Amino acid sequence: KIPPCVSNWKNAKGYTIPLDKRLAADGRGHSQVVINDKFAQFSESLLIAQEVAREGIAARIKERERQQRMDKEKKDEEMRQLARDARMMRTGAMPASAMDRGGGGGGGGADCAACKPRKQHGP
């Protein structure tokens, strides 16, 4: 014997009732779905708010990337300047940044490594 189907139907004999017959007898498929105007307005405003939020997030990400790029370029330029100064110190010339600070051109520059005479190695 087949057990009665679990449903709101009275099915004492336990017959299996096809789903299409159940839906046809229920009457749910015949009703028209009506969407309230307030719900449509609410849904549309949610979509607009979501789009605005996405644009704001994209703008913040773009600005952060631009700021990081500028910071990296600034740091790279500082490193280039330090390398340039180190090269100038090795060749014996006074670096441009040291001259800007007042290190070049007389007075107090005699004790720097660039001003000391170098020892010659070899014969």
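Colleague: How many helices and strands does the secondary structure of the protein chain come to?
Modeller: Read from the N terminus, the elements run α-α-α. The secondary structure therefore holds no strand by the DSSP runs used here. The count comes to three helices and zero strands.

Colleague: Which element of the protein chain has the highest mean pLDDT?
Modeller: The mean pLDDT of the protein chain is 77, and 59% of its residues reach 70 or more. Among the elements, helix α3 (residues 96-100) has the lowest mean, at 58. Where pLDDT is low, the predicted coordinates should not be read in detail. The highest mean, 95, belongs to helix α2 (residues 37-91).

Colleague: What distance does α2 reach from its first C-alpha to its last?
Modeller: Helix α2 has 55 residues. At 1.5 Å a residue, a span of 81 Å is expected, and the model comes close to that. The distance reached is 81 Å.

Colleague: Which residue just after α2 takes a positive phi?
Modeller: Helix α2 covers residues 37-91. Just after this helix, a phi of about 100° is found. The residue is G92.

Colleague: What share of the residues of the protein chain counts as buried?
Modeller: The protein chain has 123 residues, and its accessible surface comes to about 11400 Å². Carbon and sulfur atoms account for 58% of that surface. A residue counts as buried under 20% relative accessible area, and the share that does so is 8%.

Colleague: Is F39 buried or exposed?
Modeller: F39 lies in helix α2. With V33, I35, F42 and L46, F39 forms a nonpolar patch on the surface, with about 570 Å² of accessible area together. Because its relative accessible area is 52% and the cut-off is over 50%, F39 is exposed.

Colleague: Where do E63 and R66 lie, the two residues whose side chains meet in a salt bridge?
Modeller: The N to O distance between the side chains of E63 and R66 is 2.6 Å. E63 is partly exposed at 38% relative accessible area, and R66 is partly exposed at 33%. Because they are three residues apart, about one helical turn separates them, and both lie in helix α2.

Colleague: How many salt bridges does the count come to?
Modeller: Besides E63 with R66, K72 meets D76 at 4.0 Å; these two are four residues apart in helix α2. E77 meets R80 at 2.9 Å, and this pair is three residues apart in helix α2. The count comes to three salt bridges.

Methods. Residues numbered from 1 in each chain as written. Predicted model: local features only at pLDDT ≥ 70, side-chain atom pairs only at ≥ 80, totals over all residues. Heavy atoms only, no water. pLDDT = per-residue confidence, 0-100. Buried < 20%, exposed > 50% of the residue type's maximum accessible area, 1.4 Å probe, protein only. Areas by Shrake-Rupley, 256 points an atom, 1.4 Å probe, with all protein chains shown as cover. Patch = residues over 30% accessible without salt bridge, like charges linked within 9 Å, V, L, I, M, F, W, Y side chains within 5 Å. Expected span 1.5 Å × (residues − 1).
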